[in-house]
Amino acid sequence: MHQGFDALLDGRYEEAIERFENAYRCFEDADMPEKAAKALRKIGLAYKYLSKYEEALKSFKESLQIYRSVNEKENVAYLLDDIGSAYYDFGKYDEALQYHIEASRLYKKNSWKKGEAKNLRKTGKVYYALGRFQEALKCNKGALDLYRETGHRIQTCKTLKDIGDIYYA
């Protein structure tokens, strides 16, 4: 998997897909579902970076199914966010919103503040794209509070910029 990570980080997405697919098959054969799900998630990310959203969504949803079956709640939340982001990039905002809202519930229920803040910001982007500016503002203000609470200065700045964009719209 390390070679797949290196390829993914270096922007060699086709190579990353090949390496993660090999890892996925090995983990599946070895009955290691969490590692198989992780490989599928990375395959989905590589496809997303290639703007191959249908393939990305297929990999993400397969990974999500595995993580749900082994009750990996935090990874379920991450995958819901990944799926929402892929739908957003694909221009399917209603579907994106559905997945981001589901992820938000998990983050909030389990007090995963960093994930919740990141998710709120992504949800705000979807609302913004839909022209629902008050809801976008509410999400971004929630993200801002969480980023300030957890000391994430860079994300605080980025969220302040997003809030300014909403007011400018």
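Colleague: Which residues lie nearest the centre of the largest pocket?

Modeller: This is a predicted model, in which local features need pLDDT of at least 70, side-chain atom pairs count only at pLDDT 80 or more, and totals for chains, interfaces and linings use all residues. Residues are numbered from 1 along each chain as its sequence is written, and side-chain values use heavy atoms, without hydrogens and water. On a 1 Å grid over the protein atoms alone, a pocket is an open set of points where a 1.4 Å probe fits, with protein on both sides within 12 Å along at least five of seven lines, and lining residues have an atom within 4 Å of a point. Here 25 residues line the largest pocket, and nearest its centre lie Asp81, Asp82, Ser85, Lys118 and Lys122.

Colleague: How many residues of that pocket's lining are charged?

Modeller: Helices α3, α5, α6 (93-109), α7 (113-129) and α9 (153-168) each supply at least two residues of this lining; helices are DSSP runs (H or I, at least four residues), numbered from the N terminus. Asp, Glu, Lys and Arg count as charged, Ala, Val, Leu, Ile, Met, Phe, Trp, Tyr, Cys and Pro as nonpolar, and the others, Gly among them, as polar. With eight nonpolar and five polar residues set aside, the charged ones number twelve.

Colleague: And which helix gives the largest share of the second largest pocket's lining?

Modeller: That pocket is lined by 13 residues, with Ser104, Leu120, Thr123, Lys138 and Cys139 nearest its centre. Two or more lining residues come from each of α6, α7 and α8 (133-150). The largest share is five residues, from α7.

Colleague: Turning to α4, which helices are included in what covers its buried residues?

Modeller: Helix α4 runs over residues 53-69. Its buried residues (under 20% relative accessible area, 1.4 Å probe, protein chains only) are Tyr53, Ala56, Leu57, Ser59, Phe60, Ser63, Leu64, Ile66 and Tyr67. Their cover includes α3 (33-49) and α5 (73-89).

Colleague: How far from the sulfur of cysteine 157 is the nearest cysteine sulfur?

Modeller: The structure holds zero disulfides, a disulfide being a pair of cysteine sulfur atoms within 2.5 Å. Cysteine 157 is thus in none, and its nearest cysteine sulfur, that of cysteine 139, lies at a distance of 20 Å.

Colleague: Is cysteine 157 buried or exposed?

Modeller: The cut-off for exposed is over 50% relative accessible area, with partly exposed in between. At 52% relative accessibility, cysteine 157 counts as exposed.

Key
The expected span of a helix is 1.5 Å times one less than its number of residues. Contact means heavy atoms within 4.5 Å.
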